[in-house]
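This report looks at one helix and the sheet beside it. The model is predicted.

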Amino acid sequence: YAQSIQSSPPDHIGLILADVYGVFRAVFPEPTINTLGIKDLRPMKPSDCKPLFAELAPEGCYVAIRVGFYAPEVEMNLFSAEWIDHYTRIGGALSDPLLHWARDNSGHAHWHEISVPGKTSILADYERFGLSHGCVVSIPGSDEVPKRSVGIFARHDRNFSASELSKLEHALKNLHEDGAKP
């Protein structure tokens, strides 16, 4: 055995060490900064994205990660206490067209793009509380984790730009996937 190592090229040991290092890094990845400026440590929590969500959705947001039977595994609500109280009292989640859209679709949509079947005043209520512009983001589950994640984001001044929609969807997808990993 000693002769085979001596007759091997000197970089043979370097290749073995590189393979070992690669396996080690696959199991224990180095923290990196992702495109959102958030350290890529596992698992992410909604609070990790709170500064981004607060900046892009200054009027508030609701994020539900991996919604199961009727409740998410993790949630974050940055809407005003007045809106949360009103929405809760009227049972808003049961007739909210934004949540219906999120259940049936994947990706993102501005609120004004969502058709409202039947009678509901929820979108008018959003506007009455100063939540004039917004978007909904929906991330589908997988065969392994069939739960969906949803985000509702609001502004008072303008619609979300394509870049902002992309950032919100990317952040929600990271939250959805990170916590689902074993």
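Pro97, Leu98, Trp101 and Ala102 of H6 are buried. Viewed down the axis of H6, the buried residues fall within an arc of 145°, so they line one face of the helix. An α-helix has 3.6 residues a turn, so residues three or four places apart point the same way. The face turned away from the buried side of H6 carries Arg103 and Asp104, which are exposed.

What do the buried residues of H6 pack against? Their partners are helices H5 and H7 and strands E3, E4 and E5. H6 lies across E3, E4 and E5, and runs at about 140° to E5. At the start of H6, a side-chain oxygen of Asp96 comes to within 2.8 Å of the backbone nitrogen of Leu98.

| Element | Residues |
|---|---|
| Helix H5 | 92–95 |
| Helix H7 | 122–128 |
| Strand E3 | 107–110 |
| Strand E4 | 133–139 |
| Strand E5 | 148–155 |

Now the sheet. Five strands form an open sheet in the order E2-E1-E5-E4-E3, and their pairing is antiparallel. Strands E2 (72–77) and E3 stand at the edges with a single partner strand each, so one side of each lacks a neighbour in the sheet. Neighbouring strands of this sheet are turned by 10° against each other on average, direction ignored.

Ala109 stands opposite Val136 in E4.

Technical notes
Residues numbered from 1 in each chain as written. Predicted model: local features only at pLDDT ≥ 70, side-chain atom pairs only at ≥ 80, totals over all residues. Heavy atoms only, no water. Pairing = 2+ DSSP bridges. Helix = DSSP H or I, 4+ residues; strand = E, 2+ residues; numbered from the N terminus. Axes fitted to C-alpha atoms, helices over the stretch in contact; angles between N-to-C directions. Contact = heavy atoms within 4.5 Å. Buried < 20%, exposed > 50% of the residue type's maximum accessible area, 1.4 Å probe, protein only. Arc of directions from axis to C-beta. Polar contact = N/O pair within 3.5 Å; in protein donor to acceptor, adjacent residues only side chain to side chain.
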